[in-house]
Amino acid sequence: MADLTTEFLGITSPNPFWLASAPPTDKEYNVRRAFEAGWGGVVWKTLGADGPPVVNVNGPRYGAIHGADRRLLGLNNIELITDRPLQTNLEEIARVKSDYPDRAVVVSLMVPCEEGAWKDILPRVAETGADGIELNFGCPHGMSERGMGSAVGQVPDYIEMVTRWCKTHYDRPVIVKLTPNITDIRYPARAARNGGADAVSLINTISSITSVNLDTFSPEPSIDGKGSHGGYCGPAVKPIAMNMVAEIARDPETLGLPISGIGGITTWRDAAEFMSLGCGTVQVCTAAMTYGFKIIDELTTGLNRWMDDKEFKETSDFVGRAVGNVTDWQYLNLNYIAKARIDQEKCIQCGRCYAVCEDTSHQAISISQDRKFEVIDEECVACNLCVEVCPVERCITMAPLPIGAIDRRTGTKVSDRYLNWTMHENNPLTKVAE
């Protein structure tokens, strides 16, 4: 079988699946269970400096968005960093790393934005033997109000400054965890690189309110009649996370910067997609909190089989393979033409494709008296909506027209050459005579 052994920043782990910094990695007991189950590494739940204790709420800490079948789509949390003593955590980290030298153990940190605070905690972390640190510049609740977390991650100058402090006072890999609560993810990533970061990880949670109780009119989770914004994660954030990963992976100013991918990774396929966009490792949280640590078996088995099918011998064979296919809209081939096709043998005649196309799209699907649905090529713009709403997998597909065919909608010939397109002054496409 393919070898899942992964090397990231010189840190070797038996597979690329790490548990993200979160409740599952808050103590020795959990982490040992995770390693026994087969996880390749962990990022220990965020530690803070000695000082006033961190006090978490004693009411509900999570809110959720569910699908129609109660499948967990998104999780919102208002939990702060670890509320356990710093020294207790450090002693547990040292024991775990000593007993599992082949697993990645990275420590997440969040302390005040002062060089002295970082200078004090970093030697203590180094003494544990942990493989590296992850700077939590992303937490959108609780700690950001105290000038930490996303309050740092939203200011590139602060990111660069703190990263440089850590590189000065710590001699192992420094990973910067980025917040998605920002307009353009490239700027904090560039700042991290300029500060000397060895890698970035993303995304941290998205600032959110998941629901409002319409009896008490309090946001959920509700604490004595009041609610607050929290951090949103889970399968629903995956598209946002992958877009931000891709932006960093293809940005000339961060090209080659190692990435640890986070955000809604639930299946081996999710992991493979993140890795194809440039992630050397992937971090998982919500899936473990939904299904338990044994989900690692499905993740590793599935990734292994897919790699065997593709004849990839190690994960580095496909990391970044999709980056070159991510481009800006104005560079897409506007002469590529496809049409929807309905497999009549699979069709269950529910009519959803017809309803949405007739009401909200291009009136490109006809209905007969015996409820047979067919595509009207002259009207079909290949928007793909019918494919996405059809409840039967592969019943409706998009078929590209062959080179030389005439698009009956526009009367133009399908060509393998680009059309003249000049909407963007920097567009490299040039006029080509037919």
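## Helix packing around α5

α5 passes α6 in a right-handed crossing. This is a predicted model. By class, the contact between α5 and α6 has six nonpolar, two polar and two charged residues. Helix α5 covers residues 156–169, and helix α6 covers residues 186–194. The two pack at an angle of about 25°, with axes 8 Å apart. Angles under 35 degrees count as roughly parallel, and α5 and α6 are therefore roughly parallel to each other.

Which residues of α5 and α6 meet? From α5 come P156, I159, E160, T163 and R164. They meet Y187, P188, A191, A192 and N194 in α6.

Helix α5 also packs with helix α3, residues 115–126. Here the angle is about 35° and the axes lie 10 Å apart. α3 passes α5 in a right-handed crossing. On the α3 side, the contact is made by E115, W118, K119 and L122. On the α5 side, V162, W165, C166 and H169 take part. The residues of this contact divide into five nonpolar, one polar and two charged.

The packing geometry of the pairs is set out below.

| Helix pair | Angle | Axis separation |
|---|---|---|
| α5 and α6 | about 25° | 8 Å |
| α3 and α5 | about 35° | 10 Å |

Now the domain level. The protein is divided into domain 1, residues 6–325, and domain 2, residues 329–423. How far apart do the C-alpha centres of domain 1 and domain 2 lie? They lie 40 Å apart.

Definitions and conventions. Residues are numbered from 1 along each chain as its sequence is written. This is a predicted model: local features need pLDDT of at least 70, side-chain atom pairs count only at pLDDT 80 or more; totals for chains, interfaces and linings use all residues. Side-chain values use heavy atoms; hydrogens and water are left out. Axes are lines fitted to C-alpha atoms, for helices over the stretch in contact, and angles run from 0 to 180 degrees between N-to-C directions. Helices (H or I, at least four residues) and strands (E, at least two) are DSSP runs, numbered from the N terminus. Angles under 35 degrees count as roughly parallel, over 145 as roughly antiparallel, 65 to 115 as roughly perpendicular and the rest as oblique. A crossing is left-handed if the near helix is turned anticlockwise from the far one by less than a right angle, and right-handed if clockwise. Contact means heavy atoms within 4.5 Å. Ala, Val, Leu, Ile, Met, Phe, Trp, Tyr, Cys and Pro count as nonpolar, Asp, Glu, Lys and Arg as charged, and the others, Gly among them, as polar. Domain bounds come from an automatic or database domain assignment.
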